[in-house]
Amino acid sequence: MAEFLAERGFGFLGWNTRFRGDEAHFLLDHALSDIGVGVRWLKEVAGAEIVVLLGNSGGGSLMASYQSQAVEAVVRPLEGMRLARGADELLPGDAYISTAAHLGRPDVLTAWMDGSVVDEADPVATDSTLDLFNPANGPSYSDEFVARYRAAQEARNKRITNWVKAELERLTAAGYHDRPFSVARTWADPRMVDPTLEPTKREPNMCYGGVPERANKSVFGIASACTLRTWLSLWSLEDSQTRASAHLPKITVPALVVNGNADTGVFPSDAAAIFDLIGASDKESHELDADHYFLTEGARDELADLVTGWVDARFGRG
């Protein structure tokens, strides 16, 4: 969106955290500190009077946690670590835009992870009664199967968290700080396979990694590389502070939520939940004919026009 919005007269700072390309070592307070450097530069050096925080995909929940922390500094460092410098001295943004965003990495990982996995050390071990790709189960999937499957996904996230905490305690006692590990089979959201679940204009039986059954058996997936501390900071339903549900209510500045109805990994229910949780009275939600990255023909121009009109209506540009 940088070039599209610059062409419409906006200054656009594409600001990455230190974890760009290094998600395996993500720590939330360090990422927030990095974003804070960019926002402070815009306001105190570049002379920007209005700063609009825009986050796409995982950036939506990250920018929500930034704004929340700037309003009320409550993010805690991981046990045994100190808060990243500057993470408790953030300047808030003046508006918030969420595009093609989900409710946070723990939420999206759990929605995508294969609920039939029974042994994290064995990528083949499977409960056939929960296997998304077992023809006996579907598609289409019954409400009963989906309910059991969703419960199994949450249980899997919790099992990993329990192991992480025990392993971190064991390593700490031995003088170690952390260790890497891998999570397999994370392309298995029933909605990816069954288009009758939350119907949209998305391509059926498709995910960001291609055909879900094949992608699910590959080495490419979210959380495929992480460390114990990264799991607790980024992926754990129980411990991660990246979940947007805790932060969106503290967003009281004008807010815009945009979703693509051809997205194969983020769905209208995600956009609806984000919109409902935002604390601002001035908030809008829009749906465009677009995929996750708005690569559908004309979608980025349409998004840029939408953002331009929305920002100008609230702040003008003299």
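Helices (H or I, at least four residues) and strands (E, at least two) are DSSP runs, numbered from the N terminus. The model is predicted: local features need pLDDT of at least 70, side-chain atom pairs count only at pLDDT 80 or more, and totals for chains, interfaces and linings use all residues. Residues are numbered from 1 along each chain as its sequence is written, and side-chain values use heavy atoms, with hydrogens and water left out.

Start with Leu 13. This residue sits in the loop between helix H1 (2–6) and helix H2 (28–44). Leu 13 is partly exposed, at 31% relative accessible area. The classes are buried (under 20%), exposed (over 50%) and partly exposed in between, with a 1.4 Å probe and protein chains only. Together with Trp 15, Val 37, Trp 41 and Val 45, Leu 13 forms a nonpolar surface patch of about 490 Å² accessible area.

Now the charged pairs. Side chains of opposite charge can pair when their charged atoms come close. A salt bridge here is a side-chain nitrogen of Lys or Arg within 4 Å of a carboxyl oxygen of Asp or Glu. The whole structure holds 23 salt bridges.

One of them joins Arg 18 and Asp 34, at 2.7 Å from N to O. Arg 18 is in the loop between H1 and H2 and Asp 34 is in helix H2, so this pair ties together parts 16 residues apart in sequence. Arg 18 is partly exposed at 45%, whereas Asp 34 is buried at 14%.

The H1–H2 loop also supplies Glu 23. The side chain of Glu 23 meets that of Arg 105 in a salt bridge (2.0 Å, N to O). Arg 105 belongs to helix H4 (residues 105–112), 82 residues from Glu 23. Arg 105 is partly exposed at 23%, and Glu 23 is partly exposed at 29%.

Helix H4 also carries Asp 107, while Arg 243 lies in the loop between H8 and strand S5 (255–260), so their pair ties together parts 136 residues apart in sequence. Arg 243 is partly exposed at 25%. Elsewhere, Arg 150, Asp 189, Arg 191 and Glu 198 are linked in a salt-bridge network.

Last, the second largest pocket. Its space is about 400 Å³. Of its 17 lining residues, Leu 78, Glu 79, Leu 168, Arg 229 and Leu 232 are closest to the centre. H2, helix H5 (143–173) and helix H8 (228–235) each supply at least two lining residues. H5 gives the most, with 4.

Terms used: Patches are made of residues with over 30% relative accessible area and no salt bridge: like charges are joined within 9 Å, nonpolar side chains (Val, Leu, Ile, Met, Phe, Trp, Tyr) within 5 Å. Accessible areas come from the Shrake-Rupley method with a 1.4 Å probe; for residues, only the protein chains shown count as cover. On a 1 Å grid over the protein atoms alone, a cavity is a set of points where a 1.4 Å probe fits but cannot get out, and a pocket is an open set with protein on both sides within 12 Å along at least five of seven lines; lining residues have an atom within 4 Å of a point. Grid points are joined across faces, edges and corners, and a volume is the space filled by probe spheres set on the points.
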